[in-house]
Amino acid sequence: IVMSSMNVARLISLDVLGTCLKVRGSVGEIYAEAAASLGIKSDTDQLNRVFKNVYSEMITQHPNFGAASGISSHMWWNETIHKTFQQSDVDLGRHRDSLSESLYKDFATSKCWEVYHDVVPFLESANQLGISLAVVSNIDERLGSILDSLGLLKYFAFVLGSRSLNCMKPSPLLFQLLMQKSGLNAKDILHVGNSKEDDYLPAKLVGMKALLLLRDDTKEEPALDCDVIYSLTQIISSKLFKI
């Protein structure tokens, strides 16, 4: 990590999924539990494998949770859930629509999410030091509800979700919108995320400072050409902010 040469920031923005939050257990576990509550058997590992493929297919065919195709994110997720079970050879029968509706609502709450252990200590420290905070995430309109249910929404001055703003990372538009909303120059903002392609590079492209967060469960390869951290608490200890 090479942070000593970086100037300090007035605003720190965070990615959400993989940076602040992760799915509790796994998507396959949650889907399987929902099906089991209706007396329907399924295989967690198979659901996980199929979900990854279906999600990749859906986000490619209908980017930004359906925004580019003119369909609601709710419909987008219903189709994703239906395809995941169907391609896992699970017949939901008459429960098809009620199950997808239940899962869509559950994923808007704390029931399906886990906050990484370093997040709240970091947010508390940042608030105590008077550092402004933001989230910039590829996610649908449930972002505010998710953060609120986890007790995190209160920490953020700016909440930018891709579906609500109709632009998705790695497009630099979300970062430019953050600059507009905050009234700050790019050089005064530090963005932190767990993806080189979606977080680090587009933030740097618009002139922001950036850190790549590599957690233990990350799939991101170590990046020798990036400024890297392994915990959000390193930001505070490195004093990359202005007070």
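The radius of gyration of the chain is 19 Å in this predicted model. A compact globule of 243 residues would have a value near 18 Å, so the chain agrees with that expectation. Along the principal axes, the C-alpha atoms fill a box of roughly 60 × 35 × 35 Å. The fold comprises 10 helices and 8 strands.

Buried residues account for 51% of the 243 residues. Contacts between residues at least 6 apart in sequence were also examined by separation. Of these, 65% join residues at least 24 apart. The accessible surface of the chain is about 11500 Å². Carbon and sulfur atoms contribute 50% of that surface. Charged side chains number 24 positive and 28 negative. The centres of the two sets are 5 Å apart.

Helix α8 spans residues 173-182. Its buried residues are Leu174, Phe175, Leu178 and Ser182. Viewed down the axis of α8, these residues fall within an arc of 100°, and therefore line one face of the helix. The buried residues of α8 pack against both strands and helices. The strands are β1 (11-14), β4 (132-137), β5 (158-161) and β6 (189-193). The helices are α7 (162-165) and α9 (196-205). Gly183 follows α8. The phi of Gly183 is positive, near 75°.

Conventions. Residues are numbered from 1 along each chain as its sequence is written. This is a predicted model: local features need pLDDT of at least 70, side-chain atom pairs count only at pLDDT 80 or more; totals for chains, interfaces and linings use all residues. Side-chain values use heavy atoms; hydrogens and water are left out. Buried means under 20% relative accessible area, exposed over 50%, partly exposed in between (1.4 Å probe, protein chains only). Helices (H or I, at least four residues) and strands (E, at least two) are DSSP runs, numbered from the N terminus. The arc is that of the directions from the helix axis to the C-beta atoms. Contact means heavy atoms within 4.5 Å. The radius of gyration is taken over C-alpha atoms; the globule rule is 2.2 Å times the number of residues to the power 0.38. Accessible areas come from the Shrake-Rupley method with a 1.4 Å probe; for residues, only the protein chains shown count as cover. Lys and Arg count as positive and Asp and Glu as negative; His and the chain ends are not counted. The place of a charge is taken as NZ of Lys, CZ of Arg, CG of Asp or CD of Glu.
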